[in-house]
Amino acid sequence: MKLLITGGCGFMGSNAVRYFLKNYPDYRIINLDALTYAGNPENVRDIENDPRYTFVHGRIEDETVVEKIFSTFRPDVVINYAAETHVDRSIMDPKAFLTTEIFGTHTLLEAVRRHETSRYVQISTDEVYGSIADGVWTERAPFDPSSPYSAAKAGADHLCLAYWRTYHTPVIVTHSCNFYGPYQYPEKMIPLFIINLLENKKVPLYGDGGNVREWIYTEDHCRAIDRIVHDGRFGESYNIGTGERMTNLELTKKILLMLGRGDEMIEPVKDRPGHDRRYAVDPSKLITSLGWKPDTAFQDGLAKTIEWYRTHEQWWKPLRNGEYLEYYKKQYATAR
Ligand code: TDX
């Protein structure tokens, strides 16, 4: 089988490229990645010489590049990981999010339609449902996004399902809870907090720290996508969740404990505007219909993640320069 994985140099995409190469020796993978600040060739360095793997530098909204890939490589399956993903960046500059999420998804859907590709999987987020005070969102919940990021993702997800209804384009949409694990860019909470502590810096906790997130280890997410790629039903969406929910303060304390640091390392900062209070998804459709379940308990996944960042300073050190510092200064200038 031939897979086109977009955004394969990002955190989620690179883990997926590695996962499919490892578990499916006869699959071929083409990785289309724009190499934005978050797309890092180092994330796929270990597999770049694998003869089953091809890298193409380009944007998903670039019709010429996309058409060339479809007509020469002829993928059987497209998995669209390419996205701008950081909520705080979307608050500072929404346009890039609309371009990649909406126009990029549209360009891919059109190529899938033209070339009669067998399957298209849209990687999306639980954030499209917005905040839920208690209980869990099922796939039938209406979208209620709060940030430009989640609004852009919601728009793209709607477009995918509209392509199924209108053209019978074989799409499937996923809504995952928060990811964590190796290779996550250190603007996201878990890697940011780990690295700050490794560098003896405080961790910036937004608001009262009472916001609740649900967490999935990257390998478990890859296995969910594996099930969906092979047996998911067209025109449907699947929640991906673990039930591992906690407040940001509880999570921060777990990280502090594992790194042997105390609460004095917490720096309360001004809240994120429009900050969703709680996310919680019901993954029972995926569990019952496709036989998936998460394997990694949060405590174990967090320990592995901390160990990875502790032993991969050469990966994250260069990322904390240049563009990152500019972003960090802007972000925390507005956050306080
Ligand atoms: O410095 C911080 N301090 C802090 O308290 C950062 C970066 C975050 N937070 C809080 C905000 C959130 O409540 O931690 C929580 C997690 O924040 P992020 O890591 O930015 O994730 P989140 O906003 O929940 O969105 C993430 O999960 C869903 C990803 O960024 C999305 O791409 C994904 O779709």
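## Leucine 251 and helix 8

Leucine 251 sits in helix 8, which covers residues 248-258. In this predicted model, the relative accessible area of leucine 251 is 0%, so the residue is buried. Apart from neighbours within four places in sequence, leucine 251 is in contact with Met189, Ile190, Trp215, Met246, Phe298 and Leu302.

## The nonpolar cores

Leucine 251 also belongs to the largest nonpolar core, which has 76 residues. Within this core, Ile5, Phe20, Ile79, Leu251 and Ile255 touch the most other members. In soluble globular proteins, nonpolar side chains tend to be buried together.

Isoleucine 79 has its own list of contacts, again leaving aside neighbours within four places in sequence: Leu3, Leu4, Ile5, Thr6, Phe20, Val121, Ile123, Ile225 and Val229. There is also a second, separate core of 20 residues, and Leu4, Ile30, Cys160 and Tyr163 are among its members.

## The ligand and its shell

There are 21 residues around the ligand, and those that come nearest are Glu127, Tyr149, Arg272, His275 and Tyr332. By type, the shell is made up of 9 nonpolar, 7 polar and 5 charged residues. Two elements that each supply at least two residues of this shell are helix 6 (189-198) and strand 8 (203-206).

Threonine 125 has a polar side-chain atom 2.9 Å from an oxygen atom of the ligand, and a polar side-chain atom of arginine 213 lies 2.8 Å from an oxygen atom of the ligand. Proline 204 takes part through its backbone, where an N or O atom lies 2.7 Å from a nitrogen atom of the ligand. The ligand taken alone exposes 640 Å², and the protein buries 94% of that.

## The loop between strand 2 and strand 3

Leucine 35 lies in the loop that runs between strand 2 (28-33) and strand 3 (53-57). Its phi is near 50 degrees, a positive value in a residue other than glycine. The relative accessible area of leucine 35 is 29%, so this residue counts as partly exposed.

Aspartate 50 is found in the loop between strand 2 and strand 3 as well. Its relative accessibility is 18%, and aspartate 50 is therefore classed as buried, because the limit for that class is under 20%. The side chain of aspartate 50 is joined to that of arginine 52 by a polar contact of 2.7 Å.

## Tyrosine 183

Tyrosine 183 is located in the loop between strand 7 (178-180) and helix 6. Phi of tyrosine 183 is positive, near 75 degrees, in a residue other than glycine. With a relative accessible area of 14%, tyrosine 183 is buried.

## Lysine 304 in helix 10

Lysine 304 is part of helix 10, residues 298-311. Its relative accessible area is 44%, so lysine 304 is partly exposed. Not counting residues up to four places away in sequence, lysine 304 touches Tyr217 and Thr296.

The C-alpha atom of lysine 304 is separated by 8.4 Å from that of proline 182, although these two residues are 122 residues apart along the chain.

Technical notes:
Residues numbered from 1 in each chain as written. Predicted model: local features only at pLDDT ≥ 70, side-chain atom pairs only at ≥ 80, totals over all residues. Heavy atoms only, no water. Near = heavy atom within 4 Å. Polar contact = N/O pair within 3.5 Å; in protein donor to acceptor, adjacent residues only side chain to side chain. Areas by Shrake-Rupley, 256 points an atom, 1.4 Å probe, with all protein chains shown as cover. Helix = DSSP H or I, 4+ residues; strand = E, 2+ residues; numbered from the N terminus. Nonpolar A, V, L, I, M, F, W, Y, C, P; charged D, E, K, R; others polar. Core = buried A, V, L, I, M, F, W, Y, C linked by side-chain atoms within 4.5 Å. Buried < 20%, exposed > 50% of the residue type's maximum accessible area, 1.4 Å probe, protein only. Contact = heavy atoms within 4.5 Å.
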